[in-house]
Amino acid sequence: MITGLPYRPCPLVLAAPSGTGKTTIAHALVERFTRFEFSVSATTRLPRKRERDGIDYDFVSRERFEDMIEADELVEWAEVHGNLYGTPRKNLEAAADRGEHVVLDIDVQGAHQIRERVPDAVLVFVFPPSAEALWTRLTARGTEALDEVRRRLRAARDELEEAEHFDYIVVNDDLDRAVSRVRAIIEAESHRPRQTLDLDGEVGRLRAEIDDVIRERPGD
Ligand code: ADP
Ligand code: 5GP
């Protein structure tokens, strides 16, 4: 009996204005469900308090980052708020080998590049529930000075216009609800025929079984 077809996991891109909660959603997916892993980006930004090298980001020099671009090690990269960020190609390859959905927490420029280069990626744009909530989250996080918070809010106005180019939009009002919505999207996307491993083989086997049943069960 078939209870589920084996499928090829799809990379998940979460993009959103800074402070919306995409990093929180990405980590919740990895912690709460099997088959999700976080894509650790390379960045030239300095680590914040409590950030760990190799876990939150690979913190690298600008020279090292430029070498990675030169060697085509990054599947996408962009300059965001004055620093360089990029996704190592090996993150996608390793996740595919392990049969896991890789979760990319990246900006909208990076999402556009993934759209072009990784056809089976699922792009989710995360909306803040309100400007007030975005301000509160950015200031409560306490990682940026108020001038920088205001700069990020101005950037958010432009980034929101990109939402229409994504596959899905999820509002991060209540965290648990937002995580469930993203999980449901990936669950549905994993059931597309193109994601099914060896669909021809599965169809062939089921057809042969049907032939057996027809042969074994006499008609009236
Ligand atoms: P981003 O990665 O989009 O910049 P973060 O994941 O760092 O945003 O979240 C920004 C702040 O908002 C963090 O302090 C986080 O704990 C908080 N946060 C995230 N999601 C929610 C939510 N649904 N409700 C309230 N606070 C949230
Ligand atoms: P932060 O410095 O606050 O961690 O991240 C700033 C922005 O850079 C966020 O929008 C984050 O999603 C984005 N970012 C993080 N990693 C990458 C990456 O690998 N590529 C791209 N394009 N953006 C990234």
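Trainee: Where does ligand 1 sit?
Mentor: Ligand 1 sits in the largest pocket. Keep in mind that this is a predicted model.

Trainee: Which elements give two or more residues to the shell around ligand 1?
Mentor: Those are α1 and α5. The largest share comes from α1, with three residues.

Trainee: And which residues are closest to ligand 1?
Mentor: The closest are Gly 19, Thr 23, Thr 24, Arg 141 and Asn 172, out of 14 residues that surround ligand 1.

Trainee: OK, how do those 14 divide by class?
Mentor: The shell around ligand 1 has two nonpolar, seven polar and five charged residues.

Trainee: What about polar side-chain atoms, say on Thr 23? How far is one from an oxygen atom of ligand 1?
Mentor: For Thr 23 the distance to a ligand 1 oxygen atom is 2.4 Å. Arg 141 also has a polar side-chain atom by an oxygen atom of ligand 1, at 2.9 Å.

Trainee: How much of ligand 1 does the protein bury?
Mentor: The protein buries 73% of the 570 Å² that ligand 1 exposes when taken alone.

Trainee: Switching over to ligand 2. Where does that one sit?
Mentor: Ligand 2 sits in the largest pocket. Two strands, β5 (74-80) and β6 (83-88), are the elements that give two or more residues to the shell around ligand 2.

Trainee: Which residues come nearest to ligand 2?
Mentor: Ser 41, Arg 45, Tyr 57, Tyr 85 and Asp 107 come nearest, among 16 residues around ligand 2. By class, the shell around ligand 2 divides into five nonpolar, four polar and seven charged residues.

Trainee: What are the distances from Arg 48, Asp 105 and Arg 152 to oxygen atoms of ligand 2?
Mentor: Counting from a polar side-chain atom each time, Arg 48 lies 2.7 Å from an oxygen atom of ligand 2. For Asp 105 the figure is 2.8 Å, and for Arg 152 the figure is 3.5 Å.

Trainee: And what share of ligand 2 is buried by the protein?
Mentor: For ligand 2 that's 95% of the 520 Å² exposed by the ligand taken alone.

Trainee: Let's talk about the pocket itself. How much space lies in the largest pocket?
Mentor: About 1000 Å³.

Trainee: How many residues line the largest pocket, and which lie nearest its centre?
Mentor: The lining has 39 residues, and Thr 23, Arg 45, Arg 48, Tyr 57 and Arg 141 lie nearest the centre.

Trainee: Last one: how does the lining of the largest pocket divide into nonpolar, polar and charged?
Mentor: The lining has eight nonpolar residues, 14 polar ones and 17 charged ones.

How values were computed: Residues are numbered from 1 along each chain as its sequence is written. Chains are lettered from A and ligands numbered from 1 in the order in which they are written. This is a predicted model: local features need pLDDT of at least 70, side-chain atom pairs count only at pLDDT 80 or more; totals for chains, interfaces and linings use all residues. Side-chain values use heavy atoms; hydrogens and water are left out. A residue is near a molecule or strand if one of its heavy atoms lies within 4 Å of it. A polar contact is a pair of N or O atoms within 3.5 Å; within protein, one must be able to donate a hydrogen and the other to accept it, and residues adjacent in sequence count only if both atoms are side-chain atoms. Accessible areas come from the Shrake-Rupley method with a 1.4 Å probe; for residues, only the protein chains shown count as cover. On a 1 Å grid over the protein atoms alone, a cavity is a set of points where a 1.4 Å probe fits but cannot get out, and a pocket is an open set with protein on both sides within 12 Å along at least five of seven lines; lining residues have an atom within 4 Å of a point. A molecule sits in a cavity or pocket if more than half of its atoms lie within 2 Å of its grid points. Helices (H or I, at least four residues) and strands (E, at least two) are DSSP runs, numbered from the N terminus. Ala, Val, Leu, Ile, Met, Phe, Trp, Tyr, Cys and Pro count as nonpolar, Asp, Glu, Lys and Arg as charged, and the others, Gly among them, as polar. Grid points are joined across faces, edges and corners, and a volume is the space filled by probe spheres set on the points.
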